[in-house]
Amino acid sequence: MIQIEHFPIIHTNFWDAIIAVPAVLIVTEIIKLLLPIPRFLIPTVATIFGLVFALFIAHKFNFWGAIFMGLFYGNAAVGVYASLKTSWQTYRSSGNNQK
């Protein structure tokens, strides 16, 4: 008989989005300031920090859950940064900021 593997149970909550994603974003920005990392590697750096945060802090007792959530943290941080940067650039170039 074939044994079907179950998906891992991932316990996530509101605090993952409030603590983990901003923490990954802030650490990635600090690394960008301190080290000369090429721009195309920044999402990889964020993903690595997301994985580290998930594996050693947020989901340390669930390996596969930590891998999934670490990828989520890293990619969410990159998305937040890209969204904020695009919004700020659009606002600055629109002329709506003049009084």
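## A pair within helix 1

Glutamate 29 and lysine 32 both belong to helix 1, where they stand 3 residues apart, about one turn of the helix; helices here are DSSP runs of H or I with at least four residues, strands are runs of E with at least two, and both are numbered from the N terminus. An α-helix has 3.6 residues a turn, so residues three or four places apart point the same way. The two residues form a salt bridge whose closest N and O atoms are 3.2 Å apart, the term standing for a side-chain nitrogen of Lys or Arg within 4 Å of a carboxyl oxygen of Asp or Glu. A search of the whole structure finds 1 salt bridge.

Glutamate 29 is partly exposed at 26% relative accessibility, and lysine 32 is partly exposed at 29% (buried is under 20% relative accessible area, exposed over 50%, and partly exposed in between, with a 1.4 Å probe and protein chains only).

## The model and its overall build

This is a predicted model, in which local features need pLDDT of at least 70 and side-chain atom pairs count only at pLDDT 80 or more, while totals for chains, interfaces and linings use all residues. Residues are numbered from 1 along each chain as its sequence is written, and side-chain values use heavy atoms, with hydrogens and water left out.

The protein chain has 3 helices and 0 strands, and its elements run α-α-α from the N terminus on. Of its 99 residues, 22% count as buried. Among contacts (heavy atoms within 4.5 Å) between residues at least 6 apart in sequence, 56% join residues at least 24 apart.

When residues up to four places away in sequence are not counted, valine 21 touches Asp16, Phe72, Tyr73, Ala76, Ala77 and Val80.

In helix 2, the buried residues are Ile42, Val45, Ala46, Thr47, Gly50, Phe53 and Ala54, and what covers them includes helix 1 and helix 3. Threonine 47 has a relative accessible area of 16% and, leaving aside its neighbours within four places in sequence, is in contact with Gly70, Leu71, Gly74 and Asn75.

## The largest pocket

About 300 Å³ of space lies in the largest pocket. On a 1 Å grid over the protein atoms alone, a pocket is an open set of points where a 1.4 Å probe fits, with protein on both sides within 12 Å along at least five of seven lines, and lining residues have an atom within 4 Å of a point. Grid points are joined across faces, edges and corners, and the volume is the space filled by probe spheres set on the points. Of the 15 lining residues, the closest to the centre of the pocket are Lys32, Arg39, Ile42, Pro43 and Tyr81. Helix 3 gives the most to the lining, with 5 residues.

Tyrosine 81 lies in helix 3 and is partly exposed, with a relative accessible area of 31%. Leaving aside its neighbours within four places in sequence, tyrosine 81 is in contact with Leu25, Glu29 and Lys32. Tyrosine 81 and isoleucine 26 are 55 residues apart in sequence and 10.0 Å apart in space, C-alpha to C-alpha.
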